[in-house]
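Q: I have a structure open and would like to go through it. Can we start with the words, then look at the parts?

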Amino acid sequence: MFYQPELETMPREELEKLQLDRLKKLVKRVYERIPFYKESFDKAGVKPEDIQSLEDLQKFPFTTKQDLRDAYPFKMFAVGRDEVARIHCSSGTTGTATVVGYTKNDLDVWGDCFARFLYAADCDENAAIQVAYGYGLFTGGLGAHQGGENAGCTVLPMSTGNTKRQARLMHDFEVDCLCCTPSYALNIADVAIEMGYNPAEEFKVHAGILGAEPCSEAMRKDIETKLGIQVFDIYGLSEVMGPGVACECEKQNGLHVCEDHFLVEVVDPRTLQPVPDGEWGEVVFTTLSKECSPLIRYRTRDISRIITGECECGRTFRRMDRIAGRTDDMMIIRGVNVFPSQIEEEIVSFPEIAAQYQIILTTKGTLDHVELLVETVPDFPFDEVRRLEQLKKDLQKALKDNLQVAVDVKIVEPKTIERSEGKAVRIVDLREGLH
Ligand SMILES: [Zn+2]
């Protein structure tokens with residue numbers, strides 16, 4: 001089901017024309033209205049008129065989180081106070097908060113982006129949605145709320161907490177869709193079960209639009225089974241808009257980016273050069289239609305890739321993969337970018353292996369050498385040498401196939417890997433020189 005079919009299924013050629021048209025106006029507007037961009041474009045030797053094609057954007061400088069912090073509080077706003085309808089900001093736990101403003105139009109676009117995915121989850125004006133994201137300066141609660149209102153749903157503004165009540169009202173009010181973080185969805189499911197409900201059977205809820213934190217495939221399955229729902233992974237970040245920048249459709253095969261409003265690029269975080277579609281890198285967004293807090297090439301530090309090919313759902317917006325990690329966690333091994341989460345994903349597919357692991361990087365000759373220490377689960381017969389050898393071979397093959405990097409696997413007995421304060425050190429980098 002589509003919310004805005006004429007946009008969501010727009011032929012690529014038309015979509016790119018729309019993007020270019022918006023991009024030209026955007027670049028001109030930020031150059032004229034935001035001193036930071038005037039300065040940064042001048043320094044890079046680029047002018048708004050240099051945008052003649054979408055690729056021309058690659059000549060323009062990036063915007064970073066630090067730039068937003070330096071602009072605290074309102075130096076990145078492109079409109080005056082009279083046009084600012086709402087302000088959200090990050091918690092600022094790691095420094096100055098980043099402030100993002102929205103005009104009335106910005107809020108409407110945000111609501112529409114979120115509403116598209118409520119429709120993808122089969123929720124229209126006949127559906128009730130329970131918003132259990134936190135309300136406040138954090139974008140989750142009000143983002144989902146506005147999405148529900150734009151879609152015409154009945155909105156239940158629960159915010160977080162009071163979990164028993166969440167479970168009871170989800171049942172009594174016959175809620176169709178739950179919007180919150182994956183961990184909170186699981187918490188609500190567990191509490192409902194403790195209360196004596198069988199949510200998968202007794203609750204009407206059939207969808208969960210869950211985001212704002214990573215969710216492993218195992219966790220997703222757990223939530224889906226316990227609540228009897230389909231989980232839609234939603235992506236967004238307050239700097240760019242909030243939840244709804246991208247989201248899965250009913251096919252659950254990548255997150256469609258709302259490309260009429262956001263231009264997505266994936267770049268190599270070291271060279272900052274664009275990588276071909278299908279390759280992993282840092283996701284970069286340009287906000288094509290934001291009025292108050294527009295951004296040119298904002299580096300998200302989130303790692304993903306563009307999924308090539310068309311989606312069976314009929315949407316023409318390109319898809320990005322679920323977030324594989326943050327650039328801060330990235331290892332460069334023999335020139336290949338590798339993330340701990342990718343290794344973890346392979347490990348969890350082997351039931352004989354526990355979730356504990358350690359990656360040890362050393363230099364052999366001139367090459368990087370990767371050793372992966374994993375523990376077996378407690379009931380694995382560790383003295384059956386042949387089984388152990390086979391397991392090692394299978395894991396090495398899976399890693400090689402999926403990471404394009406040879407990994408030397410060492411399987412050790414349970415509780416061998418050193419724990420520090422109960423949490424294992426995941427990466428030990430003993431390589432010579434700078435990496
Ligand atoms: Zn799709």
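A: Fine, residue classes come first: Ala, Val, Leu, Ile, Met, Phe, Trp, Tyr, Cys and Pro count as nonpolar, Asp, Glu, Lys and Arg as charged, and the others, Gly among them, as polar. This is a predicted model, where local features need pLDDT of at least 70, side-chain atom pairs count only at pLDDT 80 or more, and totals for chains, interfaces and linings use all residues. Residues are numbered from 1 along each chain as its sequence is written, and side-chain values use heavy atoms, with hydrogens and water left out.

Q: How many nonpolar, polar and charged residues are in the lining of the second largest pocket?
A: That lining has 9 nonpolar, 3 polar and 9 charged residues. A pocket is found on a 1 Å grid over the protein atoms alone: it is an open set of points where a 1.4 Å probe fits, with protein on both sides within 12 Å along at least five of seven lines, and lining residues have an atom within 4 Å of a point.

Q: How much space lies in the second largest pocket?
A: About 400 Å³. The volume is the space filled by probe spheres set on the grid points, which are joined across faces, edges and corners.

Q: Which residues are closest to its centre?
A: Of the 21 lining residues, Glu55, Gln58, Val264, Glu265 and Arg318 are the closest to the centre. Helix 2 (12–33) and strand 10 (262–267) are the elements that give two or more residues to the lining. Strand 10 has the largest share, with 4 residues. Helices (H or I, at least four residues) and strands (E, at least two) are DSSP runs, numbered from the N terminus.

Q: Val264: buried or exposed?
A: Val264 lies in strand 10 and is buried, with a relative accessible area of 7%. Buried means under 20% relative accessible area, exposed over 50%, and partly exposed in between (1.4 Å probe, protein chains only).

Q: How far apart are Val264 and Asp383?
A: Their C-alpha atoms are separated by 51 Å, and the two residues are 119 apart along the chain. For another pair, Thr160 and Tyr135 are 25 residues apart along the chain, with C-alpha atoms separated by 7.9 Å. Thr160 is in the loop between strand 4 (154–157) and helix 7.

Q: New topic. Which residues coordinate the zinc ion?
A: Cys249 (SG), His256 (NE2), Cys311 (SG) and Cys313 (SG) coordinate the zinc ion, at 2.1 to 2.3 Å. Donors are N, O and S atoms within 2.8 Å of the metal (3.2 Å for Na, K and Ca); water is not among the atoms, so sites may look incomplete. Along the chain the donors follow the spacing C-x6-H-x54-C-x1-C. Both Cys311 and Cys313 are buried.

Q: What is the geometry of the site of the zinc ion?
A: Tetrahedral, with angles of 103 to 113° among the 4 donor atoms. Four donors count as tetrahedral if all angles lie between 85 and 135 degrees. The ideal angle for four tetrahedral donors is 109.5 degrees.

Q: And aromatic pairs, how many are there in the whole structure?
A: A search finds 11. One of them is Phe36 with Tyr37, which is edge-to-face at 4.9 Å centre to centre and 75° between the planes. Tyr102 and Trp110 are stacked, at 4.9 Å centre to centre and 15° between the planes. Rings of Phe, Tyr and Trp (its six-membered ring) pair if their centres lie within 6.5 Å; planes under 30 degrees apart count as stacked, over 60 as edge-to-face and the rest as tilted.

Q: Why is Phe36 called partly exposed?
A: Because its relative accessibility is 24%. Tyr37 is buried, at 1%. Phe36 and Tyr37 are also in one aromatic cluster with Tyr31, Phe41 and Phe60.

Q: Where is Glu174?
A: In the loop between helix 7 (163–172) and strand 5 (177–180). Glu174 has a positive phi, near 50°, and counts as partly exposed at 48% relative accessibility.

Q: What about Lys415, buried or exposed?
A: Exposed, with a relative accessible area of 70%. Phi of Lys415 is also positive, near 65°.

Methods: Tetrahedral: all angles 85-135°; square planar, octahedral: opposite > 155°, others 65-115°.
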